[in-house]
There are 10 protein chains.
Amino acid sequence: MDRNDVTEKIIETKIRRNITWSKVAEEVGKSKEWVTAGCLGQMAFSDHQAQVVGELFDLSPEEIAMLRVPPFRGSLPNQIPADPTIYRLYELVSVYGPTIKELIHEEFGDGIMSAIDFDMSITRQEDPNGDRVHIELSGKFLPHKSY
Amino acid sequence: MDRNDVTEKIIETKIRRNITWSKVAEEVGKSKEWVTAGCLGQMAFSDHQAQVVGELFDLSPEEIAMLRVPPFRGSLPNQIPADPTIYRLYELVSVYGPTIKELIHEEFGDGIMSAIDFDMSITRQEDPNGDRVHIELSGKFLPHKSY
Amino acid sequence: MDRNDVTEKIIETKIRRNITWSKVAEEVGKSKEWVTAGCLGQMAFSDHQAQVVGELFDLSPEEIAMLRVPPFRGSLPNQIPADPTIYRLYELVSVYGPTIKELIHEEFGDGIMSAIDFDMSITRQEDPNGDRVHIELSGKFLPHKSY
Amino acid sequence: MDRNDVTEKIIETKIRRNITWSKVAEEVGKSKEWVTAGCLGQMAFSDHQAQVVGELFDLSPEEIAMLRVPPFRGSLPNQIPADPTIYRLYELVSVYGPTIKELIHEEFGDGIMSAIDFDMSITRQEDPNGDRVHIELSGKFLPHKSY
Amino acid sequence: MDRNDVTEKIIETKIRRNITWSKVAEEVGKSKEWVTAGCLGQMAFSDHQAQVVGELFDLSPEEIAMLRVPPFRGSLPNQIPADPTIYRLYELVSVYGPTIKELIHEEFGDGIMSAIDFDMSITRQEDPNGDRVHIELSGKFLPHKSY
Amino acid sequence: MDRNDVTEKIIETKIRRNITWSKVAEEVGKSKEWVTAGCLGQMAFSDHQAQVVGELFDLSPEEIAMLRVPPFRGSLPNQIPADPTIYRLYELVSVYGPTIKELIHEEFGDGIMSAIDFDMSITRQEDPNGDRVHIELSGKFLPHKSY
Amino acid sequence: MDRNDVTEKIIETKIRRNITWSKVAEEVGKSKEWVTAGCLGQMAFSDHQAQVVGELFDLSPEEIAMLRVPPFRGSLPNQIPADPTIYRLYELVSVYGPTIKELIHEEFGDGIMSAIDFDMSITRQEDPNGDRVHIELSGKFLPHKSY
Amino acid sequence: MDRNDVTEKIIETKIRRNITWSKVAEEVGKSKEWVTAGCLGQMAFSDHQAQVVGELFDLSPEEIAMLRVPPFRGSLPNQIPADPTIYRLYELVSVYGPTIKELIHEEFGDGIMSAIDFDMSITRQEDPNGDRVHIELSGKFLPHKSY
Amino acid sequence: MDRNDVTEKIIETKIRRNITWSKVAEEVGKSKEWVTAGCLGQMAFSDHQAQVVGELFDLSPEEIAMLRVPPFRGSLPNQIPADPTIYRLYELVSVYGPTIKELIHEEFGDGIMSAIDFDMSITRQEDPNGDRVHIELSGKFLPHKSY
Amino acid sequence: MDRNDVTEKIIETKIRRNITWSKVAEEVGKSKEWVTAGCLGQMAFSDHQAQVVGELFDLSPEEIAMLRVPPFRGSLPNQIPADPTIYRLYELVSVYGPTIKELIHEEFGDGIMSAIDFDMSITRQEDPNGDRVHIELSGKFLPHKSY
């Protein structure tokens with residue numbers, strides 16, 4: 001048994017019981033973005049959080065223990081994701097990656113947007129031409145320094 | 001001569017003359033995100049826009065003509081980008097891709113966030129613990145339909 | 001158990017019972033192209049459709065629940081498909097891809113043919129020199145816009 | 001000088017002189033799909049056709065000779081194309097490839113749709129919800145035979 | 001259970017019972033090349049052929065049904081085969097591929113040797129310097145046509 | 001200047017002057033298969049042969065010297081060849097590779113068909129259903145031995 | 001059950017019983033290099049040899065039958081081996097490959113060192129600065145011939 | 001100008017002037033294996049050695065200076081070498097790699113054969129059945145140690 | 001059962017029982033860096049060490065025997081590691097690799113830092129701006145020598 | 001002209017003039033590690049630093065301007081570096097990557113060692129058994145946080 005097995009069990013149970021991620025997030029008391037990532041094996045839960053998730057998904061004590069361990073992150077089966085919903089994100093990196101790099105450097109100087117000191121939100125943006133998915137990414141700017 | 005040659009010339013001239021992307025965007029009359037992407041060979045300019053860009057970067061009529069043509073998009077030299085600033089975006093796709101997919105489906109049903117009917121903005125988010133890079137992505141939701 | 005297991009079970013049962021995709025499509029009340037894609041794990045069925053498919057292939061309630069979930073799409077075991085029937089489609093992308101791009105741009109301007117707002121049909125085209133496979137692809141044109 | 005150099009020269013001249021592929025096709029007397037593919041280095045022209053293309057694009061006798069030679073086909077710089085317009089075609093192979101295989105086999109038995117005894121057309125399909133790109137692929141069915 | 005499982009069972013039984021491919025071919029009434037390819041999961045058998053193969057290898061009715069289905073072809077675990085006997089064939093494609101292309105075009109014009117309307121034989125060629133493997137490949141020439 | 005440059009010059013001159021490979025082979029006094037492979041940079045010519053090839057293609061003494069050197073073999077730009085005429089050969093390795101391996105072992109025991117002590121011929125096989133490309137491969141059987 | 005299963009069983013038993021490869025080789029009556037390769041699934045044993053190996057490792061009659069079959073060779077899980085002991089061999093090919101090619105051609109003319117008509121020995125070379133691993137490779141020179 | 005340019009110039013001059021590697025080695029006063037590797041850009045020469053090589057190949061002072069710099073090693077254009085002479089070495093790593101690992105560990109314990117404290121020789125081994133290429137590799141055993 | 005199975009069992013037990021690597025290292029009497037690597041299947045333990053580890057993690061005699069065998073090293077599931085904590089190390093090789101090479105050569109001459117005669121330590125470096133991870137790598141310099 | 005051209009010019013000039021990286025670092029007034037990385041195109045210099053580097057290497061004003069721009073980082077020609085000196089670093093990531101991850105998590109909790117807020121030093125560690133390369137890596141610990 002490893003963390004992937006726990007993830008698969010969570011997904012199966014979610015489908016069988018029709019649990020929503022929003023509901024899980026509410027119970028855990030954190031954002032739906034972070035909690036979903038955790039349930040998909042990308043974040044480590046605290047003791048209490050793991051307990052809550054475990055109860056919602058009928059996990060064993062061993063499985064709950066797994067939820068508290070820093071996971072081996074990375075959730076794509078291929079370097080270039082095949083699923084269209086996820087591929088569009090990769091395409092944005094491909095098309096806009098150097099643009100984002102240029103504009104970060106123009107505004108902040110040499111450095112990166114942290115992917116660790118980071119948070120994200122996904123919301124519905126109502127629009128008469130068809131609603132839009134609105135994703136906000138926020139990461140601390142980390143400057144390159146000389147030494 | 002192809003579009004890449006024009007892009008390289010724009011970058012060289014930008015460095016030599018210390019032109020900012022914001023300045024180019026202002027002259028073109030569009031957002032800095034879209035205009036930078038265009039200057040980096042990822043978007044097609046209108047006749048007028050191409051003219052403005054051409055003057056700013058001393059382009060020849062042939063080079064200006066190139067700016068109006070729908071480009072062969074994709075600006076990464078490798079499938080997994082090596083540059084740390086761009087890699088962090090790829091890492092977000094790797095860590096959060098399936099999470100974003102789950103939450104789009106939970107909110108909207110089966111479908112994708114369009115990467116074509118799409119806009120983006122990058123801003124500085126002031127923060128006492130260190131300013132943050134704030135990226136907003138907005139793409140039309142496109143539902144999968146049966147037929 | 002995940003969606004792949006359901007797909008495998010459907011295929012096994014289809015072979016054992018000699019069920020045709022056309023028959024399944026007729027029962028579901030949708031085109032054979034979309035229904036086959038759904039049975040192969042590439043489309044999400046509605047509650048009613050899932051029920052019909054489930055009965056045809058003797059699926060359990062859990063398996064039927066799986067059919068309603070937006071799947072992790074992408075059904076090729078390799079980036080370049082080895083099976084000759086499928087490879088020929090890849091070869092068309094390789095040989096004609098830039099041609100199709102040029103002609104879409106010439107007719108519609110800069111943009112893409114949507115693969116989401118999309119439908120397809122496959123029919124027999126009778127021909128004295130040997131019948132032909134006739135595939136029609138229809139996708140909404142999505143224009144690139146400046147912003 | 002090789003065929004790629006001729007292709008690049010054709011593309012440059014096309015942009016500079018604002019020539020359309022439809023116009024070239026009309027002059028050559030063949031479909032715009034086949035002629036564009038030929039101009040992009042994927043088909044061999046007859047002597048007369050090469051002459052016509054050569055005049056339209058100011059090619060030298062050596063370059064015209066190149067147009068008559070069966071080319072080294074394949075026009076993608078990467079196995080998975082990065083350009084969104086072309087990627088959508090690849091995505092269709094990824095999502096629908098096994099579906100098309102199943103339906104060809106159901107209708108015709110074991111075999112393939114030829115990519116050689118093949119023709120294609122791309123047209124605008126008017127639609128109140130937004131016009132659609134309509135691509136028709138027609139290839140001879142080639143049966144697998146025992147021996 | 002899928003076709004690979006049937007292939008593995010056939011191979012195991014063949015080794016255990018010391019059955020030769022020639023013997024199987026004789027029973028099936030087709031060439032040893034085609035029959036071996038079929039037993040290795042690369043060809044679809046007719047009802048009668050599948051029955052004969054099934055009896056020779058003690059297959060269940062489900063397994064025999066599998067033998068009649070057009071298989072997902074392609075039998076290499078890697079794009080470049082590691083096994084020396086098979087690698088030599090790949091090496092021939094690598095060293096002689098463009099040569100064969102040139103000579104097909106010189107003799108037949110632009111087109112391909114079909115890999116579908118195709119047959120093959122493998123025989124021993126006696127030779128005082130050491131016997132030789134003699135492989136004959138025969139595929140219909142398919143011309144590229146303009147349209 | 002390296003061997004590839006000589007190959008490119010030979011191909012350019014061949015097209016410009018309409019030289020056939022058969023003609024070159026006749027002058028060299030060897031088979032068209034081996035001579036074409038040599039002209040494409042895959043075989044080393046003897047002094048005399050290099051002289052003959054050099055005269056036919058107007059090569060300089062340095063270029064002629066290059067023809068006599070054992071080349072760095074391998075003439076595919078990609079591991080999986082994109083050109084349809086060459087891909088079909090790769091497909092045969094993919095579909096029939098293990099079959100050929102099995103039948104070599106059944107006839108000869110454990111070992112390989114040499115790709116070095118090897119010759120090949122390509123001929124037209126007349127056929128009322130359309131002429132066929134007939135390729136004969138002949139390589140010495142090399143047994144694996146224990147030691 | 002396939003040959004890999006037999007290899008894994010041999011390795012497990014070897015560790016559990018503390019059997020050395022030298023001991024196995026002595027019993028089989030062949031070199032330790034060839035016998036180890038055979039036990040690792042890279043060589044085919046004769047009936048008698050397979051019997052001896054089978055007794056040493058408690059193999060079943062089916063497993064012993066597997067040992068006599070020409071295996072699907074190639075024992076690296078990746079194209080570039082990660083294990084440092086094996087990687088150093090790959091590194092030698094990378095650093096010295098073209099050097100060895102040049103020196104074989106200088107001494108023998110155009111051709112290869114056979115990897116089939118081949119034997120190898122590994123011995124300890126005593127050295128006051130630290131003992132050395134001494135590997136001798138011996139393969140028949142196979143000349144490229146014109147035809 | 002970089003080291004590769006120097007290597008290419010050496011190879012061109014070698015062919016034009018018919019210089020042998022053995023001759024170069026003799027002049028340099030080191031083995032033909034090490035000197036050839038150095039000329040192919042894989043080893044750094046001392047001042048004196050670089051001078052000798054420079055004179056033999058008419059190198060400029062800048063090119064001679066390049067010969068003294070530790071090079072960026074690795075001389076394969078692909079991870080799996082396509083040239084048959086070099087591929088056979090790769091095949092040996094593939095077929096015998098784990099065997100060599102096992103036998104090094106059996107004789108020496110856990111550790112590697114150094115590829116740095118290493119030397120090699122290539123000689124002709126006369127044999128009535130055809131002369132053999134004999135390669136001796138000698139590398140210091142480096143043990144893994146606990147700490 | 002192979003070494004990976006033992007590694008997985010160790011990790012599961014560690015999580016279930018809340019054992020720390022430091023504790024294991026203390027019991028074994030070696031550094032936490034080397035012992036952790038050993039428990040993760042990258043180092044071979046002595047008889048006594050294996051016994052200690054086996055008791056801590058409830059291993060069977062067979063599993064303990066596995067711990068004493070030189071392992072098949074390499075612990076990354078992909079060539080480029082996806083996990084952010086490990087990727088940062090890869091990124092350092094990508095960004096600083098040639099720099100480290102230059103500075104090793106400037107200080108020591110041509111050669112490498114051994115990865116076998118090697119040790120490592122990881123410590124916390126207190127820092128008012130946030131504590132730092134401090135990794136020290138120490139490997140014997142191995143010079144390239146001529147021969 | 002891009003940054004790579006500047007890097008190549010710096011390297012050529014360094015070799016021709018025998019400049020050491022330590023000397024450059026001294027002039028620039030920063031560590032040799034950071035300055036070498038900058039000269040190799042991996043760091044951005046300040047105006048003054050760029051001026052100093054430009055004078056040492058005879059750079060033009062345009063080239064000096066390039067040195068001040070945040071570069072497109074990543075200096076490996078392949079994902080797995082072929083050069084032995086650099087490969088050993090990659091091997092350490094492969095062998096020790098998960099170990100370092102475990103020990104960072106044990107000491108600091110879930111998070112990473114920053115590769116941006118990072119510094120490094122390389123020194124000679126004298127040792128009677130042969131001097132050692134001593135590399136110290138220091139990066140700020142960045143914790144994963146819930147949100």
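This briefing covers chain symmetry, one interface, aromatic pairs and charges over rings. The model is predicted: local features need pLDDT of at least 70, side-chain atom pairs count only at pLDDT 80 or more, and totals for chains, interfaces and linings use all residues. Residues are numbered from 1 along each chain as its sequence is written, chains are lettered from A and ligands numbered from 1 in the order in which they are written, and side-chain values use heavy atoms, without hydrogens and water.

**Symmetry**
- Two copies of a chain are related by a rotation about an axis and a shift along it.

**Interface of chains D and F**
- Chain D gives 11 residues to the contact and chain F gives 10 residues. Contact means heavy atoms within 4.5 Å.
- About 1000 Å² is buried between chain D and chain F, and carbon and sulfur atoms give 64% of that area. Buried area is the accessible area (1.4 Å probe) that two parts lose on being put together, summed over both.
- On the chain D side, D:Met1, D:Phe72 and D:Arg73 lose the most area to chain F, together 40% of what that side buries.
- The count of salt bridges between chain D and chain F is 0. A salt bridge needs a side-chain nitrogen of Lys or Arg within 4 Å of a carboxyl oxygen of Asp or Glu.

**Chains that do not touch**
- Chain B and chain E make no contact; their nearest C-alpha atoms are 19 Å apart.
- Chain F and chain J make no contact either, with closest C-alpha atoms 16 Å apart.

**Aromatic pairs**
- There are 50 aromatic pairs over all chains. Rings of Phe, Tyr and Trp (its six-membered ring) pair if their centres lie within 6.5 Å; planes under 30 degrees apart are stacked, over 60 edge-to-face, the rest tilted.
- G:Tyr87 and G:Tyr90 have ring centres 5.8 Å apart and planes at 45°, so the pair is tilted.
- Both G:Tyr87 and G:Tyr90 are buried, meaning under 20% relative accessible area (1.4 Å probe, protein chains only).

**Charges over rings**
- B:Lys101 lies over the face of C:Phe72, 5.8 Å from the ring centre.
- The charged end of E:Lys101 sits over the ring of D:Phe72, 5.8 Å from its centre.
- The cut-offs are NZ of Lys or CZ of Arg within 6 Å of the ring centre and within 35 degrees of the ring normal.

Terms used
Buried means under 20% relative accessible area, exposed over 50%, partly exposed in between (1.4 Å probe, protein chains only).
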